[in-house]
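User: Hi! I'd like to go through this structure with you and ask what stands behind the labels.

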Amino acid sequence: DNGQKHIAYIVGYDGLFQPDGNLTRAEAAAIFARMVSADNQEEIAGQAVFTDIKQDEWYTSYIGYLEKYDMIQGYADGTFRADANITRAEFVVLCTRFYEMSKSVVTSDSNIFSDVTNSHWAAANICNAVAMNWIQGYTDGTFKPDSSITRAEAVKLVNHAANRIPDKEYIDENAETLNQFADVKPDFWAYYDVLEAANEHRMKAETKEEHWVK
């Protein structure tokens, strides 16, 4: 057994990751399409039904593929708004749907955030994400559900949802051979999570740790 394969699900921009930049809804769809197709060992293909998605965009097949699994939904007017930034709430919901494809979500109705009302459309998913230790929010007690998620925040959440725990020792010892980004240094808070996401590797899970065997 040479371990479970973990694909690289993110790419940068000309050697940069832009960790504090935002993620579009199309880019989020691409991440999850890659993850689902790897888990299912199938090609990414599908026709998007949303009224504002042309059939020849770079993201069309990603969106169409996720539609087959009911992972993404558009807006009430039939649009998807691929180029809009995805919000923190929207991304938590996507992570939850991905997780639910293979596991049962820990549910909770305990709301720790001052700015997430119980009537917020994603309140249940946000509460569940807290219960699973995916999110903590900000030091002021808010979650900012309708703010755009950053690329670093998104990667951290995906790794939680996919149970991908970076092997810090391996990364430190092999940093020179790994895909790296000039704007993500070892002292960046999500450094290990970004490298986990950007490097294909095989892993052997030992208890709750992940050991790369690349």
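Analyst: Helices (H or I, at least four residues) and strands (E, at least two) are DSSP runs, numbered from the N terminus. On a 1 Å grid over the protein atoms alone, a pocket is an open set of points with protein on both sides within 12 Å along at least five of seven lines, a 1.4 Å probe fits at the points, and lining residues have an atom within 4 Å of a point. This is a predicted model, where local features need pLDDT of at least 70 and side-chain atom pairs count only at pLDDT 80 or more, while totals for chains, interfaces and linings use all residues. Residues are numbered from 1 along each chain as its sequence is written, and side-chain values use heavy atoms, with hydrogens and water left out.

User: Which element gives the most to the lining of the largest pocket?

Analyst: That is α1, with five residues. The lining has 41 residues, and Asn159, Ala162, Asn163, Arg164 and Ile165 lie nearest the pocket's centre. The pocket's volume is about 990 Å³, a volume being the space filled by probe spheres set on the grid points, which are joined across faces, edges and corners.

User: Why is threonine 96 called buried?

Analyst: Buried means under 20% relative accessible area (exposed is over 50%, partly exposed in between; 1.4 Å probe, protein chains only). Threonine 96 has 1% relative accessibility, so it counts as buried. This residue is found in helix α3 (residues 88-100).

User: What does threonine 96 touch, not counting residues up to four places away in sequence?

Analyst: Contact means heavy atoms within 4.5 Å, and threonine 96 touches Val105, Asn125 and Trp134. A polar atom of the threonine 96 side chain also lies 2.9 Å from the backbone oxygen of valine 92.

User: What makes a set of residues a nonpolar core?

Analyst: The members are buried Ala, Val, Leu, Ile, Met, Phe, Trp, Tyr and Cys residues joined through side-chain atoms within 4.5 Å. Here the largest such core has 68 residues, with Phe32, Ile63 and Phe91 having the most contacts inside it. The largest share, nine residues, comes from α1. Leaving aside residues up to four places away in sequence, phenylalanine 32 touches several residues, including Leu66, Met71 and Val158.

User: How much space lies in the second largest pocket?

Analyst: About 330 Å³. Its lining has 16 residues, of which Arg88, Gln136, Gly137, Glu153 and Trp189 lie nearest the centre, and α5 supplies the largest share of that lining, four residues.

Definitions and conventions: A polar contact is a pair of N or O atoms within 3.5 Å; within protein, one must be able to donate a hydrogen and the other to accept it, and residues adjacent in sequence count only if both atoms are side-chain atoms.
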